[in-house]
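Here is my note on the model you sent. The points below follow the aromatic contacts and the strand beside them.

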Amino acid sequence: FHYFVINYYVLIHHRNEPECIDRIVHEKFQNVHHTVSATEKYLVGVESRTGGVESMLKVGSGGVYFVGIWGMGGVGKTTVARKIFDNISNQFQGSCFLANVREESKKHGIKHLQKTLLSRILNEKSLKVASFYEGADMLKGKFCLRKVLIVFDDVDDNHQLEYLVGKHDWFGDGSRIVTTTRSADLLRCHDELYSVPELAKCEALELFSWHAFQKRTPDKEFLKLSKSVVDYAKGLPLALTVLGSFLYKRGITEWGSALDRLKDTGYEEIVKQ
């Protein structure tokens with residue numbers, strides 16, 4: 001999905017790709033990717049999606065439940081998971097939202113993530129983990145009698161599942177474990193799976209409008225162009241957010257020029273998984 005954003009800036013600004021990546025990171029994604037907007041109006045369509053997942057979690061009943069949230073990049077998995085976490089975390093003895101597992105695992109390794117998880121749940125900062133094998137044993141030993149809520153965000157391989165996400169007997173009665181991923185195949189041992197749907201056109205137009213116009217509906221003279229952007233973004237919240245943020249306060253001529261370049265490239269050539 002990130003090819004979509006990179007190519008977008010290449011097209012609009014006629015810049016080389018490395019320069020565009022830097023621009024995206026520093027100007028656009030600090031408060032967009034892997035976060036939830038602090039303003040509820042930007043969470044378009046999230047309530048219905050969180051409701052679907054919360055019903056699967058059966059919070060308040062016994063047992064240990066693993067629920068997987070999956071879908072393509074940019075569809076809003078993290079936003080849904082974060083909203084659920086904020087809604088129900090106060091019902092558990094300990095809770096942790098472990099963000100960006102895929103990238104953090106590559107940068108720092110599984111052992112670092114195990115230590116982070118232990119520290120947050122136990123509220124201890126001086127924990128030592130000798131190896132990821134020992135870390136897995138520590139997770140099971142420390143959590144097996146605790147009712148915990150843990151979200152593992154953006155998991156992408158079986159190694160993370162085996163030594164970090166763990167098994168049902170790692171956690172105390174009433175615990176709930178949520179995993180987000182792009183691959184449903186990784187969730188075979190989860191009790192329930194939720195596929196995050198793309199936004200409906202009306203939802204997509206509203207989300208885009210909040211970012212492009214700071215209100216629920218587009219300005220009348222921009223309505224047709226706004227619908228073209230929505231069609232192009234294919235219901236992906238991240239795309240709608242980035243495009244809306246870029247087009248905010250720009251003139252109609254700039255909008256038309258940007259859309260012409262986007263249409264010339266073709267959707268299939270830009271959105272690659």
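1. This is a predicted model. Start with the strands: Gly94 stands opposite Val148 in E3. Strands E2 (residues 94–98) and E3 (residues 148–152) run parallel to each other, paired over five bridges. E2 is mostly covered, with four of its five residues buried.

2. How many aromatic pairs does the structure hold? The count is eleven. One of them joins Phe85 and Phe97 edge-to-face, at 5.8 Å centre to centre and 75 degrees between the planes. Phe85 belongs to helix H4 (residues 77–88) and Phe97 to strand E2, so the contact ties together parts twelve residues apart in sequence.

3. A second pair is Phe222 with Trp255. This one is tilted, with 4.8 Å between centres and 55 degrees between planes. Phe222 lies in the loop between helix H9 (201–213) and helix H10 (223–233), while Trp255 lies in helix H12 (residues 252–265); the pair therefore ties together parts 33 residues apart in sequence. Phe222 is buried at 9% relative accessible area. Trp255 is buried at 1%.

4. Two further items deserve a look. Phe66, Phe143, Trp170 and Phe171 form one aromatic cluster. The charged end of Arg250 sits over the ring of Phe246, 4.0 Å from its centre.

Definitions and conventions:
Residues are numbered from 1 along each chain as its sequence is written. This is a predicted model: local features need pLDDT of at least 70, side-chain atom pairs count only at pLDDT 80 or more; totals for chains, interfaces and linings use all residues. Side-chain values use heavy atoms; hydrogens and water are left out. Buried means under 20% relative accessible area, exposed over 50%, partly exposed in between (1.4 Å probe, protein chains only). Helices (H or I, at least four residues) and strands (E, at least two) are DSSP runs, numbered from the N terminus. Two strands pair if DSSP finds at least two bridges between them. Rings of Phe, Tyr and Trp (its six-membered ring) pair if their centres lie within 6.5 Å; planes under 30 degrees apart count as stacked, over 60 as edge-to-face and the rest as tilted. A charge sits over a ring if NZ of Lys or CZ of Arg is within 6 Å of the ring centre and within 35 degrees of the ring normal.
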